[in-house]
Amino acid sequence: MSATIIDGKAFAARIRGEVAAHVARLKADHGITPGLAVVLVGEDPASQVYVRSKGKQTVEAGMKSVEHKLDVDTSEEALLALVEELNADPTIHGILVQLPLPKHMNEDLVINAIDPAKDVDGFHISNVGLLGTGQKSMVPCTPLGSLMMLRDHHGSLSGLDAVVIGRSNIVGKPMAQLLLKDSCTVTIAHSRTKDLAEVVRRADIVVAAVGRPEMVPGDWIKPGATVIDVGINRIERDGKPKLVGDVDFASAAEVAGAITPVPGGVGPMTIACLLANTLTACCRANGLPEPEGLTA
Ligand code: NAD
């Protein structure tokens, strides 16, 4: 193996430490405690795990954590009323409605009801537009975490060729916008892209966000390229459950200059960036300087 392994677990711990230190200063100097409210509708097991983990890490960072667990048959009207209440609550600086929502709810309507300044997931249409026009916004957590790792590894990304595989609203598109903002030449590839292998071979930076186990083999990777593997895929291998990314780690690590593993790469960065976004939202709400290095 020749690639440097980008340790997302250690990186995320560092970010959480920086957030906690900033929160402690906010409390001591201004008497302000950032607050994050997470809303979960229904009992999706994966969502329950995420929400628990978010709450625990929020408290560990010294912030206020509020969890609202609603029945699966809660009406959309009741959820919108709760969002309004949280929008008006001055002790809450970040609101996250855990997706997916039950089928009887309109996700876009609910997300766009959140105050954009408190939209720590960065999914509100205003934040999407601000990011798309290179303005200050709330940035979706997984792409923000991926960007932080790239900046940390490369320093400047200016002029690098980047390929993002996947065009989802939560990962692929915002990732491409962030890379463009950092002056990469960006290609977005997707399920209809012709000759994906050739497209990927041109890239100094490859971000894979597809959801197909190990679909990117090492011989697609340009020697020395940086590979950010966002994919989280549960497979069975040798009769045992295993978590793998969208990139074939073993063969890609032979060619790449640096690569994120799965697990332990992008995954841990997502919640760390949620905490960073909550802190940023709190600083903006109080007219205080934003934490350095924790925003895009
Ligand atoms: P999505 O299903 O919304 O989007 C997948 C994208 O992949 C689509 O745009 C599609 O065009 C593209 N695609 C599908 N098949 C393709 C192919 N054969 N070739 C090229 N492109 C193809 O998924 P998503 O929500 O963006 O998530 C992508 C992956 O990232 C999933 O594995 C998900 O679990 C993971 N994820 C991880 C984190 C994290 O915290 N690390 C967060 C969000 C998503």
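The model is predicted, so local features need pLDDT of at least 70 and side-chain atom pairs count only at pLDDT 80 or more, while totals for chains, interfaces and linings use all residues. Residues are numbered from 1 along each chain as its sequence is written, and side-chain values use heavy atoms, with hydrogens and water left out.

Start with the sheet of six strands. Helices (H or I, at least four residues) and strands (E, at least two) are DSSP runs, numbered from the N terminus. Two strands pair if DSSP finds at least two bridges between them. The six strands make an open sheet, in the order β1-β11-β8-β7-β5-β6, and their pairing is parallel. At the edges stand β1 (4-5) and β6 (185-189). Each has a single partner strand, so one side of each is left without a neighbour in the sheet.

Now look inside this sheet. Strand β5 (residues 161-165) pairs with strand β7 (residues 205-208) over four bridges, in the parallel sense. Find Val163: its bridge partner in β7 is Val206. Helix α7 (residues 172-181) packs on the sheet and touches β5, β6 and β7. Here contact means heavy atoms within 4.5 Å. The direction of α7 makes about 170° with that of β5. Axes are lines fitted to C-alpha atoms, for helices over the stretch in contact, and angles run from 0 to 180 degrees between N-to-C directions. Between α7 and β6 comes a loop that holds Ser183. Ser183 is not a glycine, yet it has a positive phi of about 65°.

Turn to the other open sheet. Three strands form it, in the order β3-β2-β4, with parallel pairing. Its edges are β3 (64-70) and β4 (94-97). Each of these has a single partner strand, so one side of each lacks a neighbour in the sheet. From one strand to the next, the twist averages 15°. Strand β2 (residues 35-41) runs parallel to β3, and seven bridges join them. Helix α2 (residues 45-60) lies across β2, β3 and β4, at about 160° to β3.

Next comes a hairpin. Strands β9 (residues 233-237) and β10 (residues 240-244) run antiparallel, joined by five bridges. Arg237 stands opposite Lys240 in β10. Two residues lie between the strands, and Asp238 in the turn has a positive phi of about 50°.

What surrounds the ligand? Of the 22 residues around it, Arg167, Ser168, His190, Ile232 and Thr270 come nearest. A residue counts as near if one of its heavy atoms lies within 4 Å. Helix α10 (residues 266-285) gives the most to this shell, with three residues. Some polar contacts (pairs of N or O atoms within 3.5 Å) stand out. A polar side-chain atom of Ser168 is 2.5 Å from an oxygen atom of the ligand. For a polar backbone atom of Arg167, the distance to a ligand oxygen is 2.8 Å. A backbone N or O atom of Ile232 lies 3.0 Å from an oxygen atom of the ligand. Taken alone, the ligand exposes 850 Å², and the protein buries 72% of that. Such areas come from the Shrake-Rupley method with a 1.4 Å probe.

Last, two cis bonds. The peptide bond from Leu99 to Pro100 is cis, with omega near 0°. Pro100 lies in the loop between β4 and α4 (107-111). Val262 and Pro263 are also joined by a cis peptide bond, with omega about 0°. Pro263 sits in the loop between β11 (258-259) and α10.

Terms used:
Polar contact = N/O pair within 3.5 Å; in protein donor to acceptor, adjacent residues only side chain to side chain.
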